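Hi,

Here is the structure I said I would pass on.

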Amino acid sequence: MLEITHLSKTFHAGTRNEVRPLQEVQLNVEAGSFVIVIGTNGSGKSTLLNAVAGTFLPDTGRISLAGHDITRWPEHRRARLIGRVFQNPFSGTAPGISIEENLAMATQRGTRRGLGWALPRSLCREFQERVGDLRMGLEGRLDTEIGSLSGGQRQALTLLMATWRRPELLLLDEHTAALDPRSADNVIRLTQRVVGRDNLTTLMVTHSMQQAVHLGDRLIMMHGGRIIHDVQGAEKRNLRANDLLARFDEVRRMEELDAGAAEMLRRAYI
Amino acid sequence: MNLLIGALTIGLILALLAIGVYISFRIADFADITVEGSLTLGAAVAATLLVAGVPPIWATLAGAVAGSVAGAVTGILHTRFSIHGLLSGILVMTALYSVNLRVMGRSNIALLSVRNATDYADALASRLTPSGRPLNVMGWDVATRDAAILLSALGLVVIVSGMLYLFFRTSLGTAMRCTGDNPQMARALGVDTGLMVIITLALSNFLSGLAGALLAQYQGFADVQMGLGMLVWGLASVIIGETLVRTRRLGLAITGAVMGSLLFRLLVAIALRLGLDPNDLKLITAAFVLGALILPGMLARIRTPKREAPHA
């Protein structure tokens, strides 16, 4: 379904701020697979999702999705195949526009937008039903501006919008990190329901060990722009939070070792 | 009374500009100074075509279309070549100054003796009152011609506002509004945000060009300087309108821009009547817009007591 080959990206190349968030990343995701992506800060998880979404174009490598080579596609064209939920709950909805108009935008994700009504009557009933399913009491006030809603409500709506038309790939970029625990739980339950119902191929970045252990059927761990662990099948099912923490410790020790070695070399040679 | 009618008529014509500025400034979130050039371009194109004998309706439309081309160029500079929005507008505005001189061939064109859009109003007037006697409005004599022009301008503004309102409720119009509101969301839902910015600016400057073409015909001449300060003028109207209707909702906001333009023009007429030096007008307009931009923030700061930063 999603094939990423030799994907590399360097930002600020040749300057002191040079960062290489993606280095020769290889990833092959089967259709219907729910992949959890974890890693330390700056490990390249969000960059990986942004590369797939088309926020920037990679330096080298190839991304193909659902039989299309999308490596050079602009972001808005990829939206035909991809639904996204961002970390910032304010990123996924247009605040000055009503709930129903936001939803109407989502019903046309990736299609040509012409001079037909954005909000035909037939849609309004469907909006009420599916927003009612969220159990947030929003179905009665679909004409209010989204900007007046809480982060949790907006994130749930963003998830609904990203999956209104079934996407070939769903990208969730730490989509509960900015929410209070209760809203986060709600959004996670909704995520499970939507992904399970439509059998969506999903990449989900998270910092929550609990989510990483309980969700998904595959887990990849990134470090320094590379995928350093790839756990799936029975191994993923039996994974415990402590196992993950142990792996994070391992990464940290490796880093300390690297730093120590560099320090030693520096003292010996400079 | 004539002063009032004149002020209202110009207020209505410039309401088209105000709606254009509302579209670029509020809907697209883009301070587009192209309008200063496109207003003049609309006037220049319309005036040149009128002198050449083109029927007023086509000359006026051509002026508006010329304005929209200018807006599209600004949009293309901004989105396809990543030039800062304000700078793109300044480049196009500056270039338009020469273009306008080229179009007109000189720095102004008189239109009093050529057939122009006010003739349509004359025809309307003679049909309404075949006698040609002045109308009596609340004890004042009003020339039927002036009344007919005012009514035609009002009709045009109502039609244009209505069409724009409907347009912004279509899928394309909604995508344009989303692009200004949250471009990241728009792109994630498959909207080509660059294209939307170009279309929005073209639409905004279409209205500016239309306002210029009509203004030239109403005042009887097109002048290469007539666009000067028009962006701030439009902003003032939009801001007054927002204060009047107190909402950013689409339909009311468009109405507000029209009302703002009318009120602003009335205030100007009164101030001039009371002896304001016309040379000071732009300074006062700019000071007004400055005040309207910074006052809400300052008031909010005064009202909310200072709190210590919350502990993380």
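Let me start with E174(A), which is buried, with 20 other C-beta atoms within 10 Å (buried means 20 or more such atoms within 10 Å of the residue's own, exposed 12 or fewer, partly exposed in between, with C-beta atoms placed from the backbone). E174(A) also has a positive phi of about 45° although it is not a glycine, and it sits in the loop between strand 7 (169-173) and helix 6 (181-198) of chain A. Helices (H or I, at least four residues) and strands (E, at least two) are DSSP runs, numbered from the N terminus.

Two housekeeping points. This is a predicted model, where local features need pLDDT of at least 70, side-chain atom pairs count only at pLDDT 80 or more, and totals for chains, interfaces and linings use all residues. Residues are numbered from 1 along each chain as its sequence is written, while chains are lettered from A and ligands numbered from 1 in the order in which they are written.

Chain B has a positive phi as well: D29(B), at about 55°, is not a glycine either. D29(B) lies in the loop between helix 1 and helix 2 (34-51) of chain B and is partly exposed, with 16 other C-beta atoms within 10 Å.

Back in chain A, there is an open sheet of 4 strands, order 2-1-4-5, with antiparallel pairing (strands pair if DSSP finds at least two bridges between them). Its edge strands are strand 2 (19-29) and strand 5 (68-69) of chain A, each pairing on one side only. Strand 1 (residues 2-11) and strand 4 (residues 60-65) of chain A are joined by 5 bridges, and S8(A) stands opposite T60(A) in strand 4.

Cheers
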